[in-house]
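Hi,

Here is the structure I said I would pass on. Have a look at it first, and then read my notes below.

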Amino acid sequence: MKSFSICCLCFVLFSVGVQCQCDSLSQAITDSNAFLAPADAEGHIDSANSVSVAFLTPSYAFYYASDSSKIRFEFSEFLVNRRKLFLDFWCMDRVINWDDSLNVPYEEWSAQQLRDRSKTRPFRVIAGDTIQFYRVYWWIDRLLNDVSYNRIFLPSTVSFSVELVESSTQNRLLLLDTAEFKSSEYLTAPCIQSWYPALSRVNAYIPSIISDSVWVFIRINFYDKGTAPNPFVRIDRFDFMQSQTQLSSSIWTAYNDSVSTNILCTDFLSCDVTYAVKNSPTGIEVSVPQSSELTQLLIFNVYGTLFWSHSVPLQATPTFIALNSGLYIIVGEGTQGPSCTKKLLIP
């Protein structure tokens, strides 16, 4: 599918009266009944192999490069209650913060401008609504010129967050996703702190505290915490909606597992809590060894709501805890307070 030419997309856009131009409203083509067709060897449109543009999604792709590694982040398939959201300050095929003549990044937009302009168009929500987007990151080992999962070099710590912001106040309502890539002085196993795996379809629900409908937008924030920050490069483009195929692909799921397995963060406290996810009923079986110095075990969601707690040692090993699908944080406390955490994702 990805071999379809952009010029063919322009043909479709023209056919329904929308110009191929720097205008975020051109994303409306994805809500039309138009079709995308490839061109044959003579340049004629091959309508027999056409694909509905309903499968297209506007996306932001971000790059961050060091001498030895290049990280790519993609954000697409933004939905509210399964309805597509459009991106703001979006222009098809535009590349921001990149000098083609020198083949290097440069600061066309400042870091703050990039954050302010990497967002969805405003939309209205109320308690119970569902927000969704697809987020992918991977990195290239530039010495091997291949995708890597077990070593990375970064001169400074870089991170991103995705937040739901109230339009009128500009205040954050929800933190939807976040990840941080720790700096390393040489090629080494990556230290990545993240809520979700490298390829993830992120879902969030509007909490009950939002009793009246409000206008909001989703914003993507990138940060370079070094003393001499490098600009992040952004590419605006259409892509086919790929979450369903990629998340069911054995190749991509193996990459997800490989990244998680090879994460090495030496500054983390060890946590001697183990758990196994159960499907029927949904929840986990958690175990803490008798030798553990922990005195309390707690489970929170990422918004700070306490779902379960119990003193250690537990009454049974393992202990079953009923939990719905979602992202949770297991916190182990000792005599001096919280001493370790573990991320828990129940599909």
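**Charged pairs and a disulfide**

D239 counts as buried, at 8% relative accessibility. Keep in mind that this is a predicted model. D239 forms a salt bridge with R237, with the closest N and O atoms 3.2 Å apart, and R237 counts as buried too, at 17%. The two belong to a network of salt bridges that also links R72 and E74.

A search of the whole structure turns up 13 salt bridges. One of them joins the side chains of R219 and E163, at 2.8 Å from N to O. R219 sits in strand β18 (residues 214-224) and E163 in strand β14 (residues 158-166), so this pair ties together parts that are 56 residues apart in sequence. R219 is buried at 13%, and E163 is buried at 6%. There is also a salt bridge between E180 and K182, 3.3 Å from N to O; here E180 is buried at 15%, while K182 is partly exposed at 25%.

Then there's the cysteine side of things. The structure holds 1 disulfide, formed by C191 and C265 with their sulfur atoms 2.1 Å apart. C191 is in the loop between β15 (172-181) and β16 (192-194), and C265 is in the loop between α4 (250-262) and β20 (274-279), so the pair ties together parts 74 residues apart in sequence. The S-S torsion is about 110°, so the disulfide is right-handed. C191 is buried at 10% relative accessible area, and C265 is buried at 10% as well.

Cheers

Notes: Residues numbered from 1 in each chain as written. Predicted model: local features only at pLDDT ≥ 70, side-chain atom pairs only at ≥ 80, totals over all residues. Heavy atoms only, no water. Disulfide = S-S within 2.5 Å. Helix = DSSP H or I, 4+ residues; strand = E, 2+ residues; numbered from the N terminus. Buried < 20%, exposed > 50% of the residue type's maximum accessible area, 1.4 Å probe, protein only. Salt bridge = Lys/Arg side-chain N within 4 Å of Asp/Glu carboxyl O.
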